[in-house]
Amino acid sequence: MARRRRGAAGRDELFTFVSPVVKYLLFVFNFLFWIISLVMVSIGVYARMMKHAETALACLSVDPAIMLMVVGVLMFIITFCGCVGSLRENICLLQTFCVCLTLIFILQLAAGILGFIFSDKARNKVTEVINRAIVHYRDDIDLQNLIDFGQREFDCCGGITYTDWSQNMYFSCKDDNPSRERCSVPFSCCIVSKDKVVINTMCGQGMQQLEYAEAGNHIHTNGCIDKLVNWIHSNLFLLGGIALGLAIPQLVGILLSQILINQIKDQIELQNYNQKHRSDPWS
């Protein structure tokens, strides 16, 4: 009888509330994002070392390379807590991971709501960024390619209208501007016909001197701000899907870490109970 009770006690000591599935699923989840964070930091460091066009980056509020490094480092620390916490079943690290993910999710949600409420201010901010990018168009080849890509994709030219290109020193319509591109717009503003064998890369020459209707025969006259707003309105489901895709991994991480924390707490209670009743004469 005593032997049977002793065997039952041994089975109780071997029993665990911690599910290996939850534990290692959370570890793999964090390990993948830990690798991604290392890649982000590496790209940020490489871009910062190779990029020297500080005047071109002046059009942005934050240097993208630095922002990538900061996000990567934060992501590295958070996922490191999740990896070690899940493997070592450390409640403190898991709670840190869970709280950080929750705060990030709340901040993202708040940013989305504020952006929707203050859409006019957000529009003005975007307009300022685009105007500064126009000013520094020729200062950096990557910035130039980015603007050209945007104008080709959205069939637009400038921020509000095509005459915004007069803000650039090379395209300015001022009488004292000696540039050969005076009063012109970039080739990415041009309406390119697919059936033409030879493409006129100088089609933007002198377009700012033409009236709106006449210029519209050769280039896209509408600004990129309105085109971008219209694209956002027509692709709300796509943007919502992207936002949901970013939110789901965070919610999964929060859920798995909370489940594992509760399981570890139950396991600690079981161990304390067994420790307390180990001296029981009837066991």
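Mentor: Lysine 23 counts as buried because its relative accessibility is 12%, where buried means under 20% relative accessible area, exposed over 50% and partly exposed in between, for a 1.4 Å probe and protein chains only. This is a predicted model, in which local features need pLDDT of at least 70, side-chain atom pairs count only at pLDDT 80 or more, and totals for chains, interfaces and linings use all residues. Residues are numbered from 1 along each chain as its sequence is written, and side-chain values use heavy atoms, with hydrogens and water left out. pLDDT is the predictor's confidence in each residue, from 0 to 100.

The side chain of lysine 23 forms a salt bridge with that of glutamate 89, at 3.1 Å from N to O; the term requires a side-chain nitrogen of Lys or Arg within 4 Å of a carboxyl oxygen of Asp or Glu. The two residues are 66 apart and link distant parts of the chain: lysine 23 lies in helix α2 (residues 20-50), and glutamate 89 in the loop between α4 (64-88) and α5. Helices are DSSP runs of H or I with at least four residues, strands are runs of E with at least two, and both are numbered from the N terminus. Glutamate 89, with a relative accessible area of 29%, is partly exposed.

The whole structure has four salt bridges. Another of them joins the side chains of arginine 123 and aspartate 226, at 2.5 Å from N to O. That pair also links distant parts of the chain, 103 residues apart, with arginine 123 in helix α6 (residues 119-135) and aspartate 226 in helix α9 (residues 224-234). Arginine 123 is partly exposed at 31% relative accessibility, and aspartate 226 is partly exposed at 35%.

A further pair is aspartate 175 with arginine 182, whose closest N and O atoms are 3.3 Å apart. Here aspartate 175 is exposed, with a relative accessible area of 74%, while arginine 182 is partly exposed at 25%.

As for the setting, the protein comprises 10 helices and zero strands, and 31% of its 283 residues are buried. Mean pLDDT is 84, with 87% of residues at 70 or more. Residues 1-9 stay under 50. Where pLDDT is low, the predicted coordinates should not be read in detail.

Terms used
Contact = heavy atoms within 4.5 Å.
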